[in-house]
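Please keep the sequence and the coordinates in view while reading.

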Amino acid sequence: MLGFINILLAGIAYGFVLFLMAGGLSITLGLMKFANMAHAAFAMVGGYSAALLIAKADVPFVPAVIGAAFIAALTGALFERVLFHRFYRAPELEQVLMTIGVVYVAIAGATYFVGPEQIAISVPAWLEGNVPLGVLEINNYRAFLILVGLALLGGVVGFIERTTFGAKIRAAVANRRMTASCGIDVDRLYTAAFALGSALAGLGGALSVKLIGLDPYFPIKFLTELLIVVSVGGLGSLGGTFVAAILFGVVDVAGKYLFPEAGGFILYAAALIVLTVRPQGLAGPQL
Amino acid sequence: MTAVDIVLVRKAIRERARWRSLEIAFWVAAACSYFLFPTHLVLLTQIIISGLFAMSLDLLLGYGGIPSFGHAAFFGLGAYTAGLLAAHGWGEPLSGLLAGGAVAGATGLLFSIVIARVHGAAMLMVTMCVGLLVYEAASRTPWLTGGDTGLQGIAMWPVLGRFEFDLFGKTAFWYAYAVAFALYLAARRYVSSPEGLALEGMRENPTRIASLAISSAKRKMIAFTVSATLAGFAGALLAQTTQIVALETLSFDRSVSTLIMLVVGGLGSLIGGFLGAALFVWLRDILSALNPVYWMFWLGLILIGMMLSARGGLVGGVALLSKRMRAMIGSAT
C-alpha cells in the first residue's frame with residue numbers, strides 16, 4: 001500500500017513538471033491557435049539558463065529559476081516578433097514545419113554552445129532530503145514542485161479567465177479585426193501572450209532539470225509528451241491541461257513501475273482512446 | 001450535363017493523367033544515376049525507398065489533405081514483416097514484399113476507422129499516438145523485433161530466383177527501382193481515377209462532396225489504407241535491401257523527416273516526394289559526414305526559409321521557372 005502511494009506521489013510530481021511546461025503550450029497552441037512545435041525549445045532555454053546561472057554565475061536557485069523564466073520569455077517574444085507573427089494566418093501545416101525548423105536549429109545551437117552531454121542542476125540544501133507526512137516521506141523537491149505548480153495553476157487560470165488581458169486574447173483569437181477596431185493593439189497583445197507562454201515553458205524547463213535531466217535533444221523528446229498532454233486536456237483549457245498532465249504523470253510512472261515490460265505502451269494507448277472518443281479532449285468545447 | 005460538358009470533363013481528366021516532363025526526368029535521371037555514381041548505389045537506393053515512402057504520405061496529405069505525424073508506423077510494420085519472414089527462413093523477396101504491404105495495409109485499415117472520426121489538429125495528435133504506440137510495441141518485444149539492436153539475420157533469396165543480392169547493391173538498386181516505379185504507376189492510376197478525384201474533392205470542399213452523396217469517411221479510410229500499404233511496401237524494400245531493420249524505421253523522427261521531404265519536394269504531385277527525398281537524403285549524407293549537428297542546423301534553416309518564401313516545394317519552383325522561361329521566350333519572338 002505504502003509502495004503504491006509512493007508511486008502515486010512520484011507520478012503526481014512528474015505530472016506537475018509536465019503541467020508547468022504544458023501550461024505554456026496550452027496558451028500558445030490552445031488559446032492562440034498557433035501550432036507551436038518549438039515550445040519545448042523555449043523550455044530548454046529556461047533549463048540551460050537556470051543551470052548555467054547557478055553553475056557559472058553562482059546565482060542562488062530561486063533567483064536563477066525566475067531569471068530563466070525571464071530569459072525564456074524574452075527569447076519567445078523575440079521569435080514571435082521576428083518570425084512567428086508572420087505565420088498566424090498561415091495553414092497549420094506551415095506553422096508545424098516552420099516551428100520544427102526552429103526546433104532543429106535550437107538542437108544544433110544547444111549542442112554547439114553548451115555541448116552534447118546531459119547536464120545536471122545543483123539545488124540548495126533545503127530542497128534536498130525528505131519531509132515527513134504522517135507515515136509517508138515526501139521528497140522535498142517534489143513537494144516544492146507541487147506547491148509551485150498549484151500556485152501557478154491558480155495564478156495563470158485567474159489571469160487568463162478573470163482579467164481583461166485574458167478576455168482580450170480570447171477576443172483577438174475569435175475575431176482579430178473586430179478586436180483591433182476596438183482600439184486594442186493585437187500585435188502587442190499576441191507578443192505578450194507568447195512571452196507568457198514561453199515564460200511558463202522556461203520555468204517548467206528550469207524546474208524539470210533536477211527530475212529528468214537536460215540535453216540538446218530535449219525539445220524533440222518532450223514535444224510528443226507535451227502535445228499529448230495539451231490535446232488530451234482539450235485545446236485552450238488550462239484546467240483540462242492540468243488534469244491531463246497529472247493523469248499522464250501517474251499513468252506513465254505507475255505503468256513503468258507496475259508493468260515495466262509495457263513501457264510507454266499503456267500511456268499512448270490511453271491517449272489514443274481518449275482522443276478517439278473525445279477528439280476535442282477532456283475539457284475541450286463540444287465540436 | 002450536356003454532351004459538351006462531358007467532352008470537357010473527359011479532357012480535364014486526361015489532362016490530369018498526362019505525364020509531365022518532371023516525372024519523366026526524375027525516372028530517367030534515377031536510372032542514369034546507376035551508371036554515373038556506381039560507388040553510391042546504397043545511397044541511391046535509400047533515395048528511391050525514402051521517395052516511395054514520401055509518395056505514400058503524399059496520397060494522404062497532398063491529395064486528401066489528411067496530415068500524419070505517425071506514418072513511420074506503417075513503414076516500420078512493412079519493414080519488420082518482410083524482415084521477420086526473411087530472418088525465419090522465407091527469404092523470397094517478392095512474396096516478402098507483398099506480405100509487408102499487406103500487414104501495413106491491414107493495420108492501416110484498422111486505424112483508419114479511428115482516423116475517419118477526427119479532423120484538423122486532432123488528426124496530427126491521433127496519428128502521432130498511433131506512431132508512438134507501434135514504436136513502443138516494437139521496442140518492448142525484443143524477443144521478436146530485436147529491440148534496440150535491431151532485427152538481424154535477414155537472408156534474402158535471389159530476386160525471381162535469378163538475381164542474387166550483391167555486396168555493391170547493384171541488384172538492390174534495380175529491385176528497388178523496379179518496385180518503386182511499378183508502385184508509382186499504380187499511385188498515378190489511383191489519383192486519376194474517380195476515387196482519387198473524390199478524395200481531392202473532399203480536401204477542397206467536404207460539404208459539397210457530401211451533397212454529391214460521396215462519403216468522406218469512406219474516402220478517408222480508403223486513402224489511409226492505400227497509403228499505409230504503400231508505406232509498408234517501402235519499408236519492406238528497405239528491410240530487404242539493407243538486410244537489417246532498426247527501431248528507427250518506426251520513429252517519430254522518421255515520420256517528421258518524411259513529412260519534410262514531401263513538403264520540400266512539393267505536395268500533391270506524387271513525384272514531389274521523390275524529388276524531396278533525393279535532395280534530403282543527399283544533403284543529409286554530405287552534411288552529416290561533416291558533423292550531424294550541422295545537418296540539423298541547415299535542415300532547420302532550410303525549413304524556416306522555405307516556409308517564409310516559396311510555396312509549392314521543388315515541383316512548384318520548377319513549374320514557376322518554366323512558366324517564366326516560356327514567358328521570356330514568348331516575349332523574345
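**From chain fold to single residue**

In chain A, among contacts between residues at least 6 apart in sequence, 76% join residues at least 24 apart. The model under discussion is predicted. Chain A contains 11 helices and two strands, and the order of its elements from the N terminus is α-α-α-α-β-β-α-α-α-α-α-α-α. Its radius of gyration is 19 Å, close to the 19 Å given by the globule rule for 287 residues, so chain A is as compact as a globular protein of that length. Taken along the principal axes, the box filled by the C-alpha atoms of chain A is roughly 60 × 50 × 35 Å. Of the 287 residues in chain A, 51% are buried.

Within this chain, one helix pair may be examined in detail. Helix H2 (residues 39-57) of chain A and helix H8 (residues 186-212) of chain A have axes that come within 6 Å and cross at roughly 55 degrees. Because of this angle, H2(A) is oblique to H8(A). The crossing of the two helices, H2(A) and H8(A), is right-handed. On the H2(A) side the contact involves residues including Phe42(A), Gly46(A), Gly47(A) and Ala50(A), while H8(A) contributes, among them, Ala201(A), Gly204(A), Gly205(A) and Ser208(A). By class, the residues of this contact between H2(A) and H8(A) comprise 10 nonpolar, nine polar and no charged.

The next topic is the interface between the chains. Here 33 residues of chain A are in contact with 31 residues of chain B. On the side of chain A that touches chain B, helix H4 (92-113), helix H9 (218-233) and helix H11 (265-277) of chain A each supply at least two residues. H4(A) gives the most to this side, with 14 residues. The residues on the side of chain A that touches chain B divide into 22 nonpolar, seven polar and four charged.

Finally, attention turns to one residue of chain B. Phe252(B) lies in helix H12 (residues 252-265) of chain B. Is Phe252(B) buried, exposed or partly exposed? Phe252(B) has 19 other C-beta atoms within 10 Å, and is therefore partly exposed, since a buried residue would have 20 or more. Not counting residues up to four places away in sequence, Phe252(B) touches Thr224(A), Gly131(B) and Leu132(B). Phe252(B) and Ala72(B) are separated by 180 residues in sequence, yet their C-alpha atoms are 7.1 Å apart in space.

Methods:
Residues numbered from 1 in each chain as written. Chains lettered and ligands numbered in written order. Predicted model: local features only at pLDDT ≥ 70, side-chain atom pairs only at ≥ 80, totals over all residues. Axes fitted to C-alpha atoms, helices over the stretch in contact; angles between N-to-C directions. Helix = DSSP H or I, 4+ residues; strand = E, 2+ residues; numbered from the N terminus. Parallel < 35°, antiparallel > 145°, perpendicular 65-115°, else oblique. Left-handed = near helix turned anticlockwise from the far one by under 90°. Contact = placed C-beta atoms within 7 Å. Nonpolar A, V, L, I, M, F, W, Y, C, P; charged D, E, K, R; others polar. Buried ≥ 20, exposed ≤ 12 C-beta atoms within 10 Å, placed from the backbone. Rg over C-alpha atoms; globule rule 2.2 N^0.38 Å.
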